[in-house]
Amino acid sequence: MTGIVKPISTLAQICTQAEKLRLQSGTALGDAIVSDIYANAEEIARKVVIKPDNTRSNWETRLDDILTSRLFGYPIMLTLLGLIFWITIVGANVPSGMIADVLFVFQDQLTEWFQLAGAPDWLHGILVLGMYRGLAWVISVMLPPMAIFFPLFTLLEDLGYLPRVAFNLDNAFKKCKASGKQILTMCMGFGCNAAGVVSARIIDSPRERLIAIITNNFVPCNGRFPTLIAIATIFVAGYFAPELETPIAALTITALVFLGIVITFAVSWVLSHTILKGEPSAMVLELPPYRKPQIGAVIYRSMIDRTYFVLKRAVIMAAPAGAITWILANVTVGDTSILNHMVTFLQPFAYAIGLDGYILLAFILGLPANEIVVPILLMSYLSTGYMIEVEDLSELHQIFIAHGWTWLTAVNTLLFCLLHWPCATTLLSTYKESGSKKWTFLAFLLPTVIGFAVCFVVAQTARLLGLA
């Protein structure tokens with residue numbers, strides 16, 4: 001009996017001492033244990049490891065003191081991310097136009113082949129003006145930004161900077177009872193939300209991984225940036241002097257991104273206190289040494305593992321969407337197309353949130369890929385029967401004004417574009433990563449409800465105050 005009683009007594013003493021430690025420290029027991037382990041490991045290392053030259057170590061330490069400090073860490077982080085966004089947006093314009101020109105020249109060739117084959121107009125419309133044209137828009141708009149953003153993002157990762165970003169924001173996420181690594185998935189979401197969802201694999205806790213997956217959509221992806229930039233330039237920056245248009249538009253987009261980040265924190269906090277209750281896990285993050293990036297590995301990981309992966313899923317979703325959109329725009333019931341019947345049905349709901357039926361329908365039909373929202377909207381406004389693009393923003397401005405757009409329409413379109421449901425590619429990735437239809441539906445429902453609620457409050461408040 002003595003051999004049995006003694007271990008039980010010892011275990012009780014350990015539990016008592018552990019509880020005292022937890023109460024005295026005021027921190028989670030797991031954090032205290034991890035800190036003690038690392039402190040002991042550092043002490044042992046100092047005693048047994050001989051460093052002949054610690055010049056580089058001192059250099060890394062000084063750099064870490066700057067990059068992870070509260071005074072300089074956040075401004076440097078925001079500046080680097082802003083620089084990546086600027087390079088992506090500016091650098092994607094020319095290649096995007098070139099790819100579009102090539103793809104639409106081939107569309108003309110396809111049209112000639114269909115005419116030579118004597119194919120019926122409806123078949124040409126579905127396959128060429130619908131399916132192929134939709135694919136062309138998605139590829140031309142989506143590929144260049146991803147081909148720029150993902151290599152830059154991977155470069156920061158290879159340099160060893162991204163773990164410093166996670167370290168800086170770990171405390172903020174811990175207050176939401178989420179993981180600091182969630183910021184890395186959010187950064188990836190700026191390129192593509194589907195890629196952000198997949199990157200949540202780096203989070204060890206299943207609960208915190210689900211929070212990161214469900215909230216990733218509140219970060220605007222590159223598919224939404226063209227819409228955000230166009231509307232911000234026309235209806236916000238357009239009221240300023242020409243030389244101020246670009247910085248004002250950039251400031252507007254930055255404000256929208258910041259709003260998305262704030263909502264991400266808020267929703268993460270709500271989820272962690274309701275259906276995904278739990279304590280934040282201790283993030284054992286060993287900051288890696290700074291290293292020279294391997295350009296070949298950076299290009300391969302960014303282009304094959306990320307760009308190709310995301311583009312393939314988007315193409316699979318966009319192809320049937322283009323065909324369906326053409327059918328809705330060209331098949332009539334009575335004297336009106338199915339598309340216009342849908343617009344009439346949606347108009348009361350759209351008006352309540354400060355939009356019109358055409359805008360709301362464009363977002364619904366743009367579910368497979370956010371890149372086709374504006375082309376669908378223009379097709380609906382101009383009754384062309386197929387997706388089109390205008391030559392410049394001034395022409396786009398005239399079309400919007402002619403169809404009743406006001407400042408309230410523009411503001412709520414920006415908000416709805418930021419907050420509305422994930423695209424089909426992101427939802428598919430959510431299902432594959434979570435393995436659950438329930439969590440996938442929640443990832444769709446949350447931003448939908450929040451988007452409608454925010455736009456409803458803004459629209460009704462503006463009308464109540466007589467501002468619109």
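Helices here are DSSP runs of H or I with at least four residues, and strands are DSSP runs of E with at least two. Counted this way, the protein chain of this predicted model has 19 helices and two strands. The chain holds 468 residues, of which 47% count as buried. Among its contacts between residues at least 6 apart in sequence, 75% join residues at least 24 apart.

- The buried residues of α9 are R207, E208, L210, I211, A212, I213, I214 and T215.
- These buried residues pack against five helices: α7 (182-191), α8 (193-198), α11 (245-273), α18 (424-434) and α19 (437-464).
- Helix α15, residues 373-382, is also largely enclosed by the rest of the structure, because eight of its 10 residues are buried.
- In α15 the buried positions are V373, P375, I376, L377, L378, M379, S380 and Y381.
- After α15 comes S383, which has a positive phi, near 55 degrees.

**The packing of α10 on α11**

- Helix α10 (residues 225-235) packs with α11 at an angle of about 130 degrees, and the two axes are 9 Å apart.
- Angles from 65 to 115 degrees count as roughly perpendicular and those over 145 as roughly antiparallel, so α10 is oblique to α11.
- The crossing of these two helices, α10 and α11, is right-handed.
- On the α10 side the contact involves F225, L228, I229, A232 and T233, and on the α11 side these meet A249, T252, I253, L256 and V257.
- By residue type, the contact of α10 with α11 consists of eight nonpolar residues, two polar ones and no charged ones.

- S140 belongs to helix α5, which spans residues 121-159.
- With a relative accessibility of 1%, S140 falls under the 20% cut-off and therefore counts as buried.
- A polar atom of the S140 side chain lies 2.8 Å from the backbone oxygen of A136.
- Leaving aside residues up to four places away in sequence, S140 touches S96, I99, A100 and L103.
- N412 is part of helix α17.
- The relative accessibility of N412 is 0%, so this residue counts as buried.
- Beyond residues up to four places away in sequence, N412 is in contact with I353, G354, L355, C455, V458 and A459.

**A histidine in a loop**

- H403 sits in the loop that runs between α16 (393-402) and α17 (407-419).
- H403 has 32% relative accessibility, so it counts as partly exposed.
- The side chain of H403 has a polar atom 2.9 Å from the backbone oxygen of I399.
- Setting aside residues up to four places away in sequence, H403 touches D356 and Y381; Y381 is one of the buried residues of α15.
- H403 and Y358 are 45 residues apart along the chain, and their C-alpha atoms are separated by 9.9 Å.

Definitions and conventions. Residues are numbered from 1 along each chain as its sequence is written. This is a predicted model: local features need pLDDT of at least 70, side-chain atom pairs count only at pLDDT 80 or more; totals for chains, interfaces and linings use all residues. Side-chain values use heavy atoms; hydrogens and water are left out. Buried means under 20% relative accessible area, exposed over 50%, partly exposed in between (1.4 Å probe, protein chains only). Contact means heavy atoms within 4.5 Å. A polar contact is a pair of N or O atoms within 3.5 Å; within protein, one must be able to donate a hydrogen and the other to accept it, and residues adjacent in sequence count only if both atoms are side-chain atoms. Axes are lines fitted to C-alpha atoms, for helices over the stretch in contact, and angles run from 0 to 180 degrees between N-to-C directions. Angles under 35 degrees count as roughly parallel, over 145 as roughly antiparallel, 65 to 115 as roughly perpendicular and the rest as oblique. A crossing is left-handed if the near helix is turned anticlockwise from the far one by less than a right angle, and right-handed if clockwise. Ala, Val, Leu, Ile, Met, Phe, Trp, Tyr, Cys and Pro count as nonpolar, Asp, Glu, Lys and Arg as charged, and the others, Gly among them, as polar.
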